[in-house]
Amino acid sequence: MSETLRIVLAMTGASGSLHARRLLRRLAVAERVGEIHLVISDAARRVAHQETGDKASRAEELVDLWLEGLEPTAERVVHAFRDIGAGPASGSFAHDGMVVVPCSTATAASIAHGISSNLVHRAAECCLKERRRLILMIRETPLSLVHLENFTTLTRAGATVMPLAPPWYHRPQTLEDLVDRTCDRALDHLGLRELVDARWGTT
């Protein structure tokens, strides 16, 4: 791998757009992140509009909106959601980890059962077969037995199933505090430990 990290960031149509936006903003200015490859579903854009008010007709527009006010240092590449010929669709596309946030349970089910009908599914499948980091930030409640069995399958295959469940021990004062602490867990698992601000047992 190169000195800087190449990260794949995917967004699907579950609730939790604030987490996707915040993780993108933190990765975009991280010193060790050189490239971010983004895959954003149509449903993700729709949910983002409902939750944040950010309306975009194309994925590229949403990324630009979410990076307003920053001076990103990482190169961004936005791939078409259904382009299964894009780089992340190949196992030979070397990268340092993929995060799906938010990850719908439908997306999790497809990945668990090897159904690759779009680039998110296929890129995740490549992570599993190449033994790369795959973090699925799930948003759903309550969880059915079907969900839990899919999560078990994914965990056995090597994925990290990370529900969007923020901690409270740091006494959050704002919504961003809650979102940041959940993003911290993803950054930790990507190996970007220097970006994690709050840990149990520290002040």
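Student: Is T107 buried or exposed?
Tutor: T107 is buried, because its relative accessible area is 7% and the cut-off for buried is under 20%. Keep in mind that this is a predicted model.

Student: Where does T107 sit, and what does T107 touch beyond residues up to four places away in sequence?
Tutor: T107 is in helix α4, which covers residues 105-112. Leaving out residues up to four places away in sequence, T107 touches T12, V120 and H121.

Student: Switching to the cores. Which residues touch the most other members in the largest nonpolar core?
Tutor: Those are L9, L23, L27 and I36, in a core of 36 residues.

Student: And which elements give two or more residues to this core?
Tutor: On the strand side they are β1 (5-11), β2 (33-40), β4 (98-103) and β5 (134-138). The helices are α1 (17-28), α2 (42-52), α3 (59-66) and α7 (175-189). The largest share comes from α1, with five residues.

Student: What does I36 touch, not counting residues up to four places away?
Tutor: With those set aside, I36 has contacts with I7, L9, L24, L27, A28, A74, E75, R76 and V77.

Student: What about a second core? How many residues does that one have?
Tutor: The second core is separate and has 25 residues, including A124, C127, F151 and L154.

Student: Back to β4. How many of its residues are buried?
Tutor: Six of its six residues are buried. M98, V100 and P102 point one way from the strand, while V99, V101 and C103 point the other way.

Student: Which strands does β4 pair with, parallel or antiparallel?
Tutor: β4 pairs with β1 in the parallel sense over three bridges, and with β5, also parallel, over four bridges. In the β5 pairing, M98 stands opposite L134.

Student: What is the relative accessibility of L134?
Tutor: The value for L134 is 1%, so L134 counts as buried. This residue lies in strand β5.

Student: Which residues does L134 touch, again not counting those up to four places away in sequence?
Tutor: L134 touches M98, V100, I111, A124, C127, L128, A159 and T160. Of these, M98 is the residue opposite L134 in the strand pairing, and A124 and C127 belong to the second core.

Student: Last one: what separates the C-alpha atoms of L134 and A43?
Tutor: They are 21 Å apart, for two residues 91 residues apart along the chain.

Key: Residues are numbered from 1 along each chain as its sequence is written. This is a predicted model: local features need pLDDT of at least 70, side-chain atom pairs count only at pLDDT 80 or more; totals for chains, interfaces and linings use all residues. Side-chain values use heavy atoms; hydrogens and water are left out. A nonpolar core is a set of buried Ala, Val, Leu, Ile, Met, Phe, Trp, Tyr and Cys residues joined through side-chain atoms within 4.5 Å. Buried means under 20% relative accessible area, exposed over 50%, partly exposed in between (1.4 Å probe, protein chains only). Contact means heavy atoms within 4.5 Å. Two strands pair if DSSP finds at least two bridges between them.
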